[in-house]
Amino acid sequence: MTEQNKVQWIYSSKDRDELQARYDEWAADYDADLDRDYGYLGPQRGAEILDKYTSPGARVLDAGAGTGLVGAALKAMGYGSIVAMDLSQGMLDEAKKTGAYEGLDQMVLGETLGYETGAFDATICIGTFTLGHAPASGLDELARVTKSGGHIVYSVRADVFEENGFRAKHDELAAAGKITVVEGTEPEHLLPRGEPELRHQFWVLRVS
């Protein structure tokens with residue numbers, strides 16, 4: 001199965017359990033496949049954006065950490081207190097090998113997270129808010145577990161942002177006084193080899 005077929009296989013998962021099982025199966029080959037067939041730029045780009053708003057001494061939640069690509073990028077930038085959270089234990093097992101994380105927790109973005117309110121100085125979520133994965137409602141919990149004055153950085157396809165409730169969720173959280181939208185990047189290519197027609201954005205939210 002080619003990597004692009006694997007992506008279709010992932011997106012065709014019928015429910016959360018099947019999605020988890022398929023990511024578990026793909027975990028060992030995920031990084032090599034993604035780099036070879038897609039040239040994925042999201043983790044490094046997201047880490048660089050987060051670093052604009054926080055510092056290496058921050059305690060960071062990597063929500064939807066996958067195999068730890070974001071954590072590895074942050075570690076290389078000097079971050080030493082990072083917690084990984086992901087649906088797939090197989091992915092977390094790969095993330096552990098990076099040596100970037102002080103904790104690895106199997107949880108589901110879109111459900112209540114098992115962290116205290118304000119537990120993290122910053123949160124990053126790259127490649128997880130997408131069709132069939134984490135819904136826009138997952139931002140509620142990311143805002144809860146990020147401390148007041150801290151930042152959330154996440155990526156989302158530009159079309160998904162407009163059509164699947166993310167803009168509305170921004171408006172809802174802002175109206176409730178929970179967040180301020182600090183930055184939204186112009187849509188850009190993060191998968192230049194595999195899906196050059198798709199555009200993604202990064203959003204930065206400051207928690208109130």
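Guide: Rings of Phe, Tyr and Trp pair if their centres lie within 6.5 Å. Keep that in mind for this predicted model. Here Phe129, Tyr154 and Phe166 form one aromatic cluster.

Visitor: How many aromatic pairs does the structure hold?

Guide: The structure holds 5 aromatic pairs.

Visitor: Why is the pair of Tyr115 and Phe120 called edge-to-face?

Guide: Planes over 60 degrees apart count as edge-to-face. The planes of Tyr115 and Phe120 stand at 90°, with ring centres 5.0 Å apart, so the pair is edge-to-face.

Visitor: What makes Phe120 count as buried?

Guide: Buried means under 20% relative accessible area. Phe120 has 0% relative accessibility, so Phe120 counts as buried. Tyr115 has 12%, so Tyr115 is buried.

Visitor: Why is the pair of Phe129 and Phe166 edge-to-face?

Guide: The cut-off is over 60 degrees. The planes of Phe129 and Phe166 are at 75° and the centres are 5.3 Å apart, so the pair is edge-to-face.

Visitor: What parts does that pair tie together?

Guide: Phe129 lies in the loop between strand 4 (120–125) and helix 6 (138–145). Phe166 lies in helix 8 (residues 166–175). So the pair ties together parts that are 37 residues apart in sequence.

Visitor: Are Phe129 and Phe166 buried or exposed?

Guide: Phe129 has a relative accessible area of 1%, so Phe129 is buried. Phe166, at 2%, also counts as buried.

Visitor: What places Tyr53 in the partly exposed class?

Guide: Partly exposed lies between buried, under 20%, and exposed, over 50%. Tyr53 is at 25%, so Tyr53 counts as partly exposed. Tyr53 lies in helix 3 (residues 42–53). In sequence, Tyr53 and Ala122 are 69 residues apart; in space, C-alpha to C-alpha, they are 8.8 Å apart.

Visitor: Which strands does strand 2 pair with?

Guide: Strand 1 is joined to strand 2 by 5 bridges, and the two run parallel. Leu61 has Val83 as its bridge partner in strand 2. Between them the chain crosses through helix 4, in a right-handed β-α-β crossover. Strand 3 (residues 103–106) is joined to strand 2 by 4 bridges and also runs parallel. Asp86 stands opposite Gln106 there.

Visitor: What volume does the largest pocket have, and what lines the pocket?

Guide: The volume is about 910 Å³. Of the 50 lining residues, the closest to the centre are Tyr23, Gly127, Thr128, Thr130 and His133. Helix 2 gives the most to the lining, with 7 residues. By class, the lining has 28 nonpolar, 13 polar and 9 charged residues.

Methods
Residues numbered from 1 in each chain as written. Predicted model: local features only at pLDDT ≥ 70, side-chain atom pairs only at ≥ 80, totals over all residues. Heavy atoms only, no water. 1 Å grid on protein atoms, 1.4 Å probe; cavity = no way out; pocket = protein on both sides within 12 Å on 5 of 7 lines; lining within 4 Å. Points joined across faces, edges and corners; volume = space filled by probe spheres on them. Nonpolar A, V, L, I, M, F, W, Y, C, P; charged D, E, K, R; others polar. Phe/Tyr/Trp six-rings, centres within 6.5 Å; stacked < 30°, edge-to-face > 60°. Buried < 20%, exposed > 50% of the residue type's maximum accessible area, 1.4 Å probe, protein only. Pairing = 2+ DSSP bridges. Right-handed = clockwise from strand over helix to strand, strands pointing away.
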